[in-house]
Amino acid sequence: MATSPLTFEKLTAPTAGTAIRFEDGQPVVPNDPIIPFIRGDGTGVDIWPATQRVLDAAVAKAYGGERRIEWFKVYAGDEACDLYGTYQYLPEDTLAAIRAYGVAIKGPLTTPVGGGIRSLNVALRQIFDLYCCVRPCRYYAGTPSPHKRPQDLDVIVYRENTEDIYMGIEWEASDPVCLELIQHLNDTVIPANGKLGKRRIPEGSGIGIKPVSKHGTQRHIRKAIRHALSLQGNKRHVTLVHKGNIMKFTEGAFRDWGYELATTEFRDVCVTERESWILDNLERNHSLSIQDNARLIEPGYDSLTAEKKAAIDAEVKQVLDSIGESHGYGKWKSMVLVDDRIADSIFQQIQTRPQEYSVLATLNLNGDYISDAAAAVVGGLGMAPGANIGDNAAIFEATHGTAPKHAGLDRINPGSVILSGVMMLEYMGWQEAADLITQGISAAIAGGEVTYDLARLMEPPVEPVSCSGFAEAVVRHFGG
């Protein structure tokens, strides 16, 4: 069933295909969805045709014509300026198309220099309230990596997209608002807060505000937990990543609100790390007393004050009374385990103990760093997909830059956008097509059919294939 074409300034909507709609934050996908695509700047001219070739071939092979994608080209970045005029980096046509059709995919975009939009990627996330940035990082056999065992890392980073310092609430040092704010903080707010002592904000400082809300935190972590519920075995694990030991009321609150969500809304399917210790201790020794259980979960228990001992004893008793029957006797082992780690520690642990982690739920800035670090372990940004997901729209994207010096040479690695397309197919529920592509990519890389960025790092080095040649290799290896 075709939709009624929309009217645009410079675009013509497809006359065939049906719009994806959303119910309760989930996509309802027809067999002929219209999907807007942004080719991307720089190497987008090479990457997008290769990606479209792979996606169309996978859908055709998986569904034999019963399903198809109706592609709709829209514009952003430099290519949009060529069509719509100078500084029209994100035209209303593009926003209207994404709003109407719900799901889109894009290549890399140029970040404008100077005033106006700070970042096209950030702008799209904020305009459509795409509050979850999802970045899976897994290893494909044969991909060169600086790590000895990159195959041990298989994580999905859930990065909150709309709050934290990326919200962009800041003033430069010379701004009158900044000067007035610093004076107010130094003269009124800090002296009134006895905990801050004699600290003062130095003159000449820029000021940024870091908002973290309970609503924003919990809707984000809710998606992370739901994703973990779809996984198997020890991958049903969500780690709340934060710097709450220092930023107690923003990052610390992120952690606390995450635990609150897990132990209320998801009580029947979640267990916290500390709860799991208590339950496991009793399973190992059914005659274990409350106090002995407390000793096992709290180092230094015997040296604590009587008040602190009583608090830990009460915690153990509360856990056993409230979830001992529902989660005990090993039942918790099939549930989603929720724990938390300090952000700087996670940087180390995804390298030294990667097999212990699955879904990392982070705030905005931490997630930016961690997702790139994890991508480096498994082969770099050329093979790192990404998605930005909200309740009424989703945009799948390359995670690397535009690399303009390589544009038009048919040599760049299209893996990031192809794998973002895999994420899009999975999001749409088209798992059979998604699986064909991951099989094809795995076989192509294992066979040394890779672009120059991977070829030069292989041992021994292999002759690289072109960007389009890699796409053909992936298609050729569908199913094996």
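**Contacts, spaces and salt bridges**

Guide: The side chain of Asp-339 makes a polar contact, at 2.8 Å, with the side chain of His-237. This comes from a predicted model.

Visitor: In which strand is Asp-339 found?

Guide: Asp-339 belongs to strand E12, which covers residues 336-342.

Visitor: Is Asp-339 buried or exposed?

Guide: Asp-339 has a relative accessible area of 1%, so the residue counts as buried.

Visitor: With which residues is Asp-339 in contact, leaving aside its neighbours within four places in sequence?

Guide: Asp-339 is in contact with His-237, Val-238, Thr-239, Leu-240, Tyr-259 and Glu-273.

Visitor: How is empty space found in a structure?

Guide: A probe the size of a water molecule is rolled over the atoms, and this shows where empty space is left. In this structure, the largest pocket has a volume of about 930 Å³.

Visitor: How many residues line the largest pocket, and which lie nearest its centre?

Guide: The lining has 36 residues, and those nearest the centre of the pocket are Val-134, Ile-156, His-227, Met-423 and Glu-426. By class, the lining of the largest pocket divides into 22 nonpolar, 8 polar and 6 charged residues.

Visitor: Which elements supply at least two residues of that lining?

Guide: Both strands and helices do, among them strand E6 (132-138), strand E7 (154-160), helix H6 (214-229) and helix H13 (415-428).

Visitor: How many cavities of 30 Å³ or more does the structure hold?

Guide: There is 1 such cavity, and the largest cavity has a volume of about 30 Å³. The residues lining this cavity are Lys-106, Asn-121, Leu-124, Arg-125, Leu-130, Asn-388, Ile-395 and Glu-397. Two or more lining residues come from helix H4 (120-127) and from strand E15 (394-398). H4 gives the most, with 3 residues. The lining of the largest cavity holds 3 nonpolar, 2 polar and 3 charged residues.

Visitor: Which side chain meets that of Asp-372 in a salt bridge?

Guide: The partner is Arg-135, at 3.2 Å from N to O. The pair links distant parts of the chain, with Asp-372 in helix H12 (residues 364-377) and Arg-135 in strand E6, 237 residues apart. Asp-372 is partly exposed, at 32% relative accessibility, whereas Arg-135 is buried, with a relative accessible area of 6%.

Visitor: What does Glu-260 pair with?

Guide: Glu-260 and Lys-214 meet in a salt bridge, at 2.8 Å from N to O. Because Glu-260 lies in helix H7 (residues 251-262) and Lys-214 in helix H6, the pair ties together parts that are 46 residues apart in sequence. Glu-260 is partly exposed at 33% relative accessibility, and Lys-214 is partly exposed at 36%.

Visitor: How far apart are the closest N and O atoms of Glu-315 and Arg-274?

Guide: Those atoms are 2.6 Å apart, in a salt bridge. Glu-315 is in helix H10 (residues 306-327) and Arg-274 in helix H8 (residues 273-284), so this pair ties together parts 41 residues apart in sequence. Glu-315 is partly exposed, with a relative accessible area of 26%, and Arg-274 is partly exposed, also with 26%.

Technical notes: Residues are numbered from 1 along each chain as its sequence is written. This is a predicted model: local features need pLDDT of at least 70, side-chain atom pairs count only at pLDDT 80 or more; totals for chains, interfaces and linings use all residues. Side-chain values use heavy atoms; hydrogens and water are left out. On a 1 Å grid over the protein atoms alone, a cavity is a set of points where a 1.4 Å probe fits but cannot get out, and a pocket is an open set with protein on both sides within 12 Å along at least five of seven lines; lining residues have an atom within 4 Å of a point. Grid points are joined across faces, edges and corners, and a volume is the space filled by probe spheres set on the points. Helices (H or I, at least four residues) and strands (E, at least two) are DSSP runs, numbered from the N terminus. Ala, Val, Leu, Ile, Met, Phe, Trp, Tyr, Cys and Pro count as nonpolar, Asp, Glu, Lys and Arg as charged, and the others, Gly among them, as polar. Buried means under 20% relative accessible area, exposed over 50%, partly exposed in between (1.4 Å probe, protein chains only). A polar contact is a pair of N or O atoms within 3.5 Å; within protein, one must be able to donate a hydrogen and the other to accept it, and residues adjacent in sequence count only if both atoms are side-chain atoms. Contact means heavy atoms within 4.5 Å. A salt bridge is a side-chain nitrogen of Lys or Arg within 4 Å of a carboxyl oxygen of Asp or Glu.
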